[in-house]
Amino acid sequence: MSGGTFRRHLMSRVMTALVVVLAFTAVLALVLILGNLIAKGASSIDWAFFTKSPVPAGESGGGVANAIVGTAIIVGLAALIGLPVGIGAGLYLAEYGSGRLGFLVRFVADVLNGTPSIVIGIVAWTFLVKPTGRFTALAGSVALAILMIPMLARTTEEMVRLVPHSLREAALALGYPRWRTSLKIVARTALGGIVTGCLVGIARVAGETAPLLFTALGNLNFSLAVNQPMQTLSLQIYVYATGPFDEWHRMAWAAALVLMGLVLILALTARWVTRQRYGSVR
Amino acid sequence: MAASANTRLRLETVGVSALFGRTPAIRDISLLFPAHTVTAIIGPSGCGKSTLLRCLNRMHELTAGATVTGQVLLDDVDIYANDVNPVELRRRIGMVFQRPTPFPTMSIYDNVAAGLRVNGRRPRAETDAAVERALRQAALWDEVKDRLLTSALALSGGQQQRLCIARAVAPEPEILLLDEPTASLDPAGTQRIEELCHALKRHYTIVIVTHNLQQAARVSDYTAFLYMGGLVEVGLTGELFTKPQVEQTEAYITGRFG
């Protein structure tokens, strides 16, 4: 083996080892977080944790049912507002967005994507909370929807752009109008990817805390009213983790574990949908 | 090209030129496509064969910056006239592309029915009958009749291409445009498509673009030879291949260039 070849082989080995180590480091973070959550939170999770609302400080027992339901309502409403707008904007960008307006929308979406979520929370507070003088779950949903929209718009655009041009042409040659081609053929073909994007987007905002501090505020009681303050898991964790009681700290760990579990389920569903992408029909 | 009394003239181009931006792709092409005949368009790569074909159903103009001048007459009506709706026009002119393009999210049945449904809802039984007729015309019925509701992607390449032919003929267009339909198929698949051309011309007027001279000789009644965006020669296929009138044509068909 000549010197040059030896060097090349050595370099190849070193680089391979390096990327393997880096990959493990990335995975290690997740494993440590999950392991820590399970170690400190799992013991506090029982049936009451899911079915009861918090009890006054100092008493033991109680659960986070109000926060779980609140998360579902606030995130669900945010999805209801954000998904149509985000997906619609993404379709527009991919199908019609080659002009100046498309460029502008894309630019705004990118800037919005990089805006810290706390800023979005303050904006929602300024427009929805301050004028009405009332913290509401709805304001929280709007803040989360604003966070979601640029993410969804950009993923939808990417997914739609992946659909081969030949499919579009085939539909147009069959006498499909352009809008119908976009919806029935192109968007339908990209649906797996779009759904994945939606699930990832929802998972992403489900753990948001900062924008909700100024909007949904939090609520220690069970509440279904969207025009009232409402609790979410993230807010509950914030309150419990910063509180003075050991019992609260235990509950915070458990709530964090539940939230992590929910996000993980969403992410796994997203993976599963992606795999079904071009799968069987009906 | 003497038209006999019972041959209705279906499609004709009069001085058609097409551009991509400022670059001309085809120049001043005038051709007749008599009803119930197969016309092959041959020529070396980049000579404008596909562009000409795409001018016939107004697909060319869908490319950004692409323009067409001249007239394309379908039963003496210029399809580029202002009152012609290109979307409705394309329902009268079916097209099959180089590579099979089944809609991946649809079943075999839905693929064939796709062009029917775009024309408005109709009774289920009518759609069923039209789908079966189209699949029979495309010589695919026997192979897929037991799995009409399964994904079209499970079919082989040759079957997918015949599915695309079925999809194109299901709405009963008047003209069928084939853009190198066998380019991605093996010899067996190619042969089936060629046999189809013979069978289908009873119902449709067919224009086929092909790289393959033997294929043009086998399937077509008329052949047009394009070179560098211009029409060099057109005639009965038998005559063009045996007694070409233009030196360039002879050079091309004998394999001296292209």
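A definition before anything else: the domain bounds I use come from an automatic or database domain assignment. And a caution: what you see is a predicted model.

With that said, chain A is assigned two parts, domain 1 covering 3–44 and domain 2 covering 48–276. Between the C-alpha centres of domain 1 of chain A and domain 2 of chain A there are 31 Å. Where these two parts touch, domain 1 of chain A supplies 7 residues and domain 2 of chain A supplies 8 residues. On the domain 1 side of that contact in chain A, 4 residues are nonpolar, 2 are polar and 1 is charged.

How confident is the predictor in chain A, as a mean pLDDT? The mean for chain A is 91, with 97% of its residues at 70 or more. The stretch to be careful with is residues 278–282 of chain A, where pLDDT is below 50. That stretch still has 11 contacts in the model beyond near neighbours in sequence. Where pLDDT is low, predicted coordinates should not be read in detail.

Next, the contact between the chains. Here 18 residues of chain A meet 24 residues of chain B. Which elements of chain A give two or more residues to its side? They are helix 7, residues 165–173, and helix 8, residues 178–189. Helix 7 of chain A contributes the most, with 6 residues. By type, the chain A side that touches chain B has 10 nonpolar, 4 polar and 4 charged residues.

Stay with helix 7 of chain A for a moment. Its buried residues are A:R168, A:A170, A:A171, A:L172 and A:A173. What do these buried residues pack against? Within chain A, they pack against helix 8. From chain B, their partners are helix 2, residues 86–92, and strand 6, residues 93–96. After helix 7 of chain A comes A:G175, which has a positive phi, near 95°.

Now chain B as a whole. Its secondary structure amounts to 10 helices and 10 strands. The radius of gyration of chain B is 18 Å, close to the 18 Å the globule rule gives for 258 residues, so chain B is as compact as a globular protein of that length. Taken along the principal axes, its C-alpha atoms fill a box of roughly 55 × 45 × 40 Å. Of the 258 residues in chain B, 48% count as buried. Looking at contacts in chain B with a separation of 6 or more, 68% are between residues 24 or more positions apart.

Last, the two hairpins, both in chain B. Strand 4, residues 66–74, and strand 5, residues 77–78, run antiparallel and are joined by 2 bridges. Across that pairing, B:L73 stands opposite B:D78 of strand 5 of chain B. There are 2 residues between strands 4 and 5 of chain B, and in this hairpin B:D75 has a positive phi near 50°.

B:Y222 faces B:L236, which is in strand 10 of chain B. Which residue in the turn between strands 9 and 10 of chain B has a positive phi? That is B:M228, at about 50°, in a hairpin with 2 residues between its strands.

That is what I have; I will take questions now.

Terms used:
Residues are numbered from 1 along each chain as its sequence is written. Chains are lettered from A and ligands numbered from 1 in the order in which they are written. This is a predicted model: local features need pLDDT of at least 70, side-chain atom pairs count only at pLDDT 80 or more; totals for chains, interfaces and linings use all residues. Helices (H or I, at least four residues) and strands (E, at least two) are DSSP runs, numbered from the N terminus. Ala, Val, Leu, Ile, Met, Phe, Trp, Tyr, Cys and Pro count as nonpolar, Asp, Glu, Lys and Arg as charged, and the others, Gly among them, as polar. A residue is buried if 20 or more other C-beta atoms lie within 10 Å of its own, exposed if 12 or fewer, and partly exposed in between; C-beta atoms are placed from the backbone. Two strands pair if DSSP finds at least two bridges between them. pLDDT is the predictor's confidence in each residue, from 0 to 100. The radius of gyration is taken over C-alpha atoms; the globule rule is 2.2 Å times the number of residues to the power 0.38.
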